[in-house]
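Work through the exercises below with the model open beside you, and try each task before reading the solution that follows it.

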Amino acid sequence: MNRLIRSFTMLTLVALMFNVGTVHETKAAQPAKSASDRLIGNIMRLASESQQSISSRPFSVGDSLKKVEKSWGQPEDLSTVAANYWSHDVRFFYDESNAKKTITAIDDFSPKLQTIHLSELKDLIGEPDSAEEQEGMYYVTYTDNEIYKIVFVFESAWINPNPKLSMYTVEAADESCD
C-alpha cells in the first residue's frame, strides 16, 4: 500500500510540474515556472517514465552499452565499469559480466544543472528519502521504490546551505528499500 501511495504521489507531482490543471484555469492565473523548475520537472519525468537523464536520451538504464556505441561511437573514456561521453555530458555505468554490457546507472553532469539550487529542488519535489554529506559533496536521494532512484549531487551544504547541483545519477530502484 505504501508503494502505491508513493507512486501515486510522484506521478501526481510530475503532472503538477507540467501545469496539468483544470479546464477553468487561465494562463494568467498560472504562476510562471522558472527554468530551474522546468529542468527539475524534466529530470523527474525522464527518470520516472524511462529511466533516462536529460543528456542520455535516447538511452536509458537497461539498454545495452553497445547500442550507445553504435549511435554515438566509442566512449571518450572507458573503464571496466563506466563509459564516459564527455561531449554528451554523460557517464554510463554498465555490467561487464554480460555480452550486452547492460547499463545499470547514468550520471548526468550537464552545465545546465548548475542553475538548480537545493532549496528549489526541495520546494518542488519535497523532502528527500535520504540526504547525506560525504567527501565534500551533499547527496540527496529520491526514489519511488519501484521504477527509479535519483541521487542529486550538490556542492557541500556545510559551505553553502543552498548549494548548486553538480550532477545527478539515475538508476533502477532498489527493491530492498521498502
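**A residue and its contacts**

If its neighbours within four places in sequence are left aside, threonine 141 is in contact with Pro128, Asp129, Ser130, Lys149, Ile150 and Val151, where contact means heavy atoms within 4.5 Å. The model is predicted, so local features need pLDDT of at least 70 and side-chain atom pairs count only at pLDDT 80 or more, while totals for chains, interfaces and linings use all residues. Residues are numbered from 1 along each chain as its sequence is written, and side-chain values use heavy atoms, with hydrogens and water left out.

*Task.* State in which element threonine 141 lies, and decide whether threonine 141 counts as buried or exposed.

*Solution.* Begin with the element: threonine 141 belongs to strand 6, which covers residues 137–143; here helices (H or I, at least four residues) and strands (E, at least two) are DSSP runs, numbered from the N terminus. Next take the relative accessibility of threonine 141, which is 12%, so that the residue counts as buried; buried means under 20% relative accessible area, exposed over 50%, and partly exposed in between, with a 1.4 Å probe and protein chains only.

**The whole chain**

*Task.* Give the order of the elements from the N terminus on, and find what share of the residues counts as buried.

*Solution.* The protein has four helices and eight strands, and from the N terminus on they run α-α-α-β-β-β-β-α-β-β-β-β. Of its 178 residues, 43% count as buried. Among contacts between residues at least 6 apart in sequence, 49% join residues at least 24 apart.

**Strands and hairpins**

*Task.* Follow strand 3 to the strands it pairs with, and determine how many bridges join strand 3 to strand 4.

*Solution.* Start on one side, where strand 2 (residues 82–85) and strand 3 (residues 90–95) pair in the antiparallel sense over four bridges; two strands pair if DSSP finds at least two bridges between them. In this pairing alanine 82 stands opposite phenylalanine 93. The hairpin of strand 2 and strand 3 has four residues between the strands, and aspartate 89 takes a positive phi near 60 degrees there. Then turn to strand 4 (residues 102–108), which runs antiparallel to strand 3 and is joined to it by six bridges, with tyrosine 94 opposite isoleucine 103. The hairpin of strand 3 and strand 4 has six residues between the strands, and in it lysine 101 has a positive phi near 55 degrees.

*Solution.* In helix 4 (residues 118–125) the buried residues are Leu118, Leu121, Leu124 and Ile125. An α-helix has 3.6 residues a turn, so residues three or four places apart point the same way. Just after helix 4, glycine 126 takes a positive phi of about 105 degrees.

Helix 2 is followed by glutamine 51, whose phi is positive, near 50 degrees.

**Aromatic rings**

*Task.* Classify the ring pairs that tryptophan 72 forms with phenylalanine 59 and with phenylalanine 92.

*Solution.* A search of the whole structure finds eight aromatic pairs, where rings of Phe, Tyr and Trp (its six-membered ring) pair if their centres lie within 6.5 Å, planes under 30 degrees apart counting as stacked, over 60 as edge-to-face and the rest as tilted. Phenylalanine 59 and tryptophan 72 are 5.1 Å apart centre to centre with 85 degrees between the planes, an edge-to-face pair. Phenylalanine 59 lies in the loop between helix 2 (35–50) and helix 3 (65–72) and tryptophan 72 in helix 3, so the pair ties together parts that are 13 residues apart in sequence. The rings of tryptophan 72 and phenylalanine 92 have centres 5.9 Å apart and planes at 50 degrees, so this pair is tilted. Because tryptophan 72 lies in helix 3 and phenylalanine 92 in strand 3, the pair ties together parts that are 20 residues apart in sequence. Phenylalanine 59 and tryptophan 72 are both buried, and phenylalanine 92, at 0% relative accessibility, counts as buried. Ring pairs link Phe59, Trp72, Tyr85 and Phe92 into a cluster.
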